[in-house]
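Reader: Hi, I'm new to this. Please walk me through the next structure, in short steps.

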Amino acid sequence: MSTTEAQSLEVVTEDGAGDEITISASALKALGDRMQRFLLEYRFGMQEVETKLSILREEFVQTHEYNPIEHVSSRVKSIDSLVRKLERRGIGADFDDIRANIHDIAGVRVTCSFRRDVYRLFDLLTQQDDITVLEVEDFIAEPKPNGYQSLHTIISVPVYLSTGRVDVPVEVQFRTIAMDFWASLEHKIYYKFARQVPDSLTRDLKDAADLAAELDAHMERLHIEVHGVPEGDTAPGPRVFPV
Ligand SMILES: Nc1nc2c(ncn2[C@@H]2O[C@H](COP(=O)(O)OP(=O)(O)OP(=O)(O)O)[C@@H](O)[C@H]2O)c(=O)[nH]1
Ligand SMILES: Nc1ncnc2c1ncn2[C@@H]1O[C@H](COP(=O)(O)OP(=O)(O)OP(=O)(O)O)[C@@H](O)[C@H]1O
């Protein structure tokens with residue numbers, strides 16, 4: 001097949017109907033290449049944040065003999081998930097529109113030991129002078145109605161490419177192990193019920209989130225009883241964020 005040969009593609013739309021579109025193989029390849037290139041910038045932004053966190057973690061262990069990070073996970077949003085979000089928000093498939101409107105294509109999740117570590121790590125990351133904080137949502141101070149808790153921020157990180165500097169938005173979610181435990185299971189339940197969770201289950205999930213928050217507070221109290229407040233810890237909890 002030549003690279004310019006026209007290809008007929010069957011595209012299945014939301015209502016299950018099939019649309020026929022015709023596209024040349026070279027146009028298809030160019031689109032694929034642009035998409036890869038588009039996502040690559042987000043991968044680099046995500047890697048920058050991962051490196052910053054791993055430096056903080058190592059330095060913490062060396063200096064304070066304490067590791068406030070339980071684990072870090074990250075992902076670049078899949079094309080499927082991105083397309084679903086664009087449809088949900090009524091955004092067209094234009095790269096500039098996607099860049100301007102979707103800020104969680106690169107995502108990093110930092111699971112900390114205790115609530116105070118969540119805020120401390122947030123400060124240590126966001127106060128670095130090559131980072132710009134674009135948005136903060138504190139769902140720990142104000143949990144979502146279903147009980148979801150986490151501290152979310154969208155930060156912009158500079159990435160230096162052969163073509164120059166690009167500033168890449170990265171969503172960073174900070175949470176404790178208990179918050180992560182709840183959110184992971186809730187996510188599974190939510191998808192099991194195709195986002196239509198029965199009311200009784202919603203109430204049970206909220207109760208479970210409250211229990212997780214109590215457990216966090218309890219374990220943190222015990223930790224402080226045994227180890228005291230960590231040296232240099234001046235950021236124990238929620239406050240007004242400068243955004
Ligand atoms: N398990 C779970 N995760 C959540 C919940 N709310 C938010 N999240 C996570 O946090 C991310 C960002 O949430 P929001 O700040 O509400 O995001 P948004 O961009 O305003 O809206 P959406 O991403 O469309 O939900 C989501 O993509 C999830 O990964 C929740 O109720 N349960
Ligand atoms: N900031 C993040 N860091 C690390 N993992 C994440 C982050 N955000 C979501 N995830 C995880 O990545 C996986 C894929 O999530 P996906 O991007 O498809 O949807 P979502 O972010 O949960 O929802 P939405 O479509 O509402 O943005 C899920 O397991 C989700 O928990």
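Reader: Let's start with ligand 2. What distance separates a polar side-chain atom of arginine 75 from an oxygen atom of ligand 2?

Author: It is 3.0 Å. Such a polar contact is a pair of N or O atoms within 3.5 Å; within protein, one must be able to donate a hydrogen and the other to accept it, and residues adjacent in sequence count only if both atoms are side-chain atoms. One caution first: this is a predicted model, so local features need pLDDT of at least 70 and side-chain atom pairs pLDDT 80 or more, while totals for chains, interfaces and linings use all residues. Residues are numbered from 1 along each chain as its sequence is written, chains are lettered from A and ligands numbered from 1 in the order written, and side-chain values use heavy atoms, without hydrogens and water.

Reader: OK. What does aspartate 104 do with ligand 2?

Author: An N or O atom in the side chain of aspartate 104 is 3.0 Å from an oxygen atom of ligand 2. Glycine 107 uses its backbone instead: an N or O atom there lies 3.5 Å from a nitrogen atom of ligand 2.

Reader: What share of ligand 2 does the protein bury?

Author: It buries 73% of the 600 Å² that ligand 2 exposes when taken alone. Those areas come from the Shrake-Rupley method with a 1.4 Å probe; for residues, only the protein chains shown count as cover.

Reader: Which residues come nearest to ligand 2?

Author: There are 13 residues around ligand 2, and Lys77, Ser81, Lys85, Arg88 and Glu171 come nearest. A residue counts as near if one of its heavy atoms lies within 4 Å. By class, that shell has one nonpolar, five polar and seven charged residues. Ala, Val, Leu, Ile, Met, Phe, Trp, Tyr, Cys and Pro count as nonpolar; Asp, Glu, Lys and Arg as charged; the others, Gly among them, as polar.

Reader: Where does ligand 2 lie?

Author: Ligand 2 takes up space in the largest pocket. The elements giving two or more residues to its shell are strand 3, helix 2 (79-89), strand 4 (106-112) and strand 7 (164-176). A pocket, on a 1 Å grid over the protein atoms alone, is an open set of points where a 1.4 Å probe fits, with protein on both sides within 12 Å along at least five of seven lines; lining residues have an atom within 4 Å of a point. A molecule sits in one if more than half of its atoms lie within 2 Å of its grid points.

Reader: Which residues come nearest to ligand 1?

Author: Lys85, Arg89, Lys144, Asn146 and Glu186, out of 15 residues around ligand 1. Three of the shell's residues are nonpolar, four polar and eight charged.

Reader: What are the distances from ligand 1 to lysine 85 and lysine 144?

Author: A polar side-chain atom of lysine 85 lies 2.7 Å from an oxygen atom of ligand 1. For lysine 144, the distance to an oxygen atom is 2.5 Å. The protein covers 70% of the 610 Å² of accessible area that ligand 1 has on its own.

Reader: New topic. How many helices and strands are there?

Author: Six helices and seven strands. From the N terminus on, they run β-β-α-β-α-α-β-α-β-β-β-α-α. Helices (H or I, at least four residues) and strands (E, at least two) are DSSP runs, numbered from the N terminus.

Reader: Is arginine 175 buried or exposed?

Author: Buried, because its relative accessibility is 2%. Buried means under 20% relative accessible area, exposed over 50%, partly exposed in between (1.4 Å probe, protein chains only). Arginine 175 is in strand 7. Its side chain makes polar contacts with the side chains of glutamine 173 (3.4 Å) and aspartate 180 (2.8 Å).

Reader: Why does glutamate 65 count as exposed?

Author: Because its relative accessibility is 74%.

Reader: Last one. Where is alanine 209?

Author: In helix 6 (residues 199-227). Alanine 209 is buried, at 5% relative accessible area. Its C-alpha atom is 5.2 Å from that of glycine 147, 62 residues apart along the chain.
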